[in-house]
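The sequence and structure come first, followed by the account.

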Amino acid sequence: MRVVFLGPPGAGKGTQARILQERFGLEQISTGDILRRHLAMGTPLGKQAESYMQRGQLVPDDLVIDMIEHELERAPDGFVMDGFPRTVAQAEALDELLARRGTPLDAAVSFSADRAALVERLASRWTNPRNGRTYNALTNPPKVAGIDDEDGGELIQREDDRAETVAKRLDVYERQTWPLIEYYRKVGKLVQVDALASVASVSETIAAAIGDEAGSC
Ligand code: AP5
């Protein structure tokens with residue numbers, strides 16, 4: 001099963017990708033998490049990506065497409081991509097990479113939510129920088145504030161979750177990623193979910209739409 005998640009910042013793509021990974025054993029490929037790891041390690045890719053990410057802009061297509069080509073090698077049995085593709089050029093490149101492997105995409109899940117709710121979610125998000133797991137101070141707080149329940153390490157607030165950067169990321173989504181909804185609708189692969197429903201309800205909707213195929217992968 002090969003699935004991509006489309007949706008604005010804070011829509012819950014990472015949350016749901018982790019649930020799909022656990023439930024169906026799909027490899028989670030989160031371009032945001034991978035890029036943040038490159039930044040933390042100071043790799044050449046991390047250095048090139050840094051200024052774009054800090055400003056809430058997209059990292060150039062060629063860099064991200066090269067990265068995804070490499071990531072696909074570790075997901076021969078299926079994946080859920082959380083944060084890729086984000087432009088039409090990225091979607092076309094993914095189609096080409098998958099066509100070369102003879103493993104076409106099964107579904108593109110689009111998360112929708114209004115801006116005000118997303119801004120509030122991101123302002124109250126706490127992230128484990130070691131593995132990308134998230135909490136929310138309002139709806140899903142950790143047992144001890146600032147500490148991950150599972151590994152006991154520190155939680156952080158992402159730099160790009162500052163209000164002014166969030167506003168830019170939302171604008172970038174509307175301008176550059178929104179057209180992908182039509183791209184996938186045209187080929188009959190689009191699944192739409194209401195991202196403002198509860199975490200459990202969103203994951204049930206996704207599982208109902210793609211579950212049968214995922215269960216057999
Ligand atoms: P990335 O890390 O991918 O950020 P994003 O797409 O902006 O998405 P987020 O991680 O902010 O949100 P999410 O939808 O995963 O929500 P989450 O599950 O955490 O990208 C960061 C940057 O990297 C980009 O700006 C860009 O510079 C670069 N980049 C990445 N990919 C790229 C690409 N392909 N091309 C070019 N550049 C790229 O949930 C949010 C909060 O809400 C959490 O607190 C969570 O607990 C809570 N929550 C989740 N679901 C629910 C629910 N149903 N109800 C209540 N609360 C919920």
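A residue is near a molecule if one of its heavy atoms lies within 4 Å of it. The model is predicted, with local features needing pLDDT of at least 70, side-chain atom pairs counting only at pLDDT 80 or more, and totals for chains, interfaces and linings using all residues. Residues are numbered from 1 along each chain as its sequence is written, and side-chain values use heavy atoms, with hydrogens and water left out.

**The ligand and its shell**

Around the ligand there are 35 residues, of which Thr15, Gln57, Arg86, Arg125 and Arg169 come nearest. Sorted by class, this shell has 14 nonpolar residues (Ala, Val, Leu, Ile, Met, Phe, Trp, Tyr, Cys and Pro), eight charged residues (Asp, Glu, Lys and Arg) and 13 polar residues (the others, Gly among them). Helices (H or I, at least four residues) and strands (E, at least two) are DSSP runs numbered from the N terminus. At least two shell residues each are supplied by α1 (13–24), α2 (31–41), α6 (115–123) and β6 (134–136), and the largest share, four residues, comes from α2.

| Residue | Atom of the residue | Ligand atom | Distance |
|---|---|---|---|
| Val59 | polar backbone atom | nitrogen | 3.0 Å |
| Gln90 | side-chain N or O atom | nitrogen | 2.9 Å |
| Arg125 | polar side-chain atom | oxygen | 2.6 Å |

On its own the ligand has 1,100 Å² of accessible area (Shrake-Rupley method, 1.4 Å probe), and the protein covers 95% of this area.

**The second largest pocket**

A pocket is an open set of points on a 1 Å grid over the protein atoms alone, where a 1.4 Å probe fits and protein lies on both sides within 12 Å along at least five of seven lines; lining residues have an atom within 4 Å of a point. The second largest pocket has a volume of about 510 Å³, a volume being the space filled by probe spheres set on the points. Its lining has 20 residues, and Arg36, Leu39, Ile156, Arg158 and Glu159 are the closest to its centre. Two or more lining residues come from each of α2 and α3 (44–54), with α2 giving the most, five residues. The lining divides into nine charged, six polar and five nonpolar residues.

**An aromatic pair**

The structure holds two aromatic pairs (ring centres within 6.5 Å). In one of them, the rings of Phe5 and Phe111 have their centres 5.0 Å apart and their planes at 65 degrees, so the pair is edge-to-face (planes over 60 degrees apart). Phe5 belongs to strand β1 (residues 2–6) and Phe111 to strand β4 (residues 107–112), so that this pair links parts of the chain 106 residues apart.

Terms used:
A polar contact is a pair of N or O atoms within 3.5 Å; within protein, one must be able to donate a hydrogen and the other to accept it, and residues adjacent in sequence count only if both atoms are side-chain atoms. Rings of Phe, Tyr and Trp (its six-membered ring) pair if their centres lie within 6.5 Å; planes under 30 degrees apart count as stacked, over 60 as edge-to-face and the rest as tilted.
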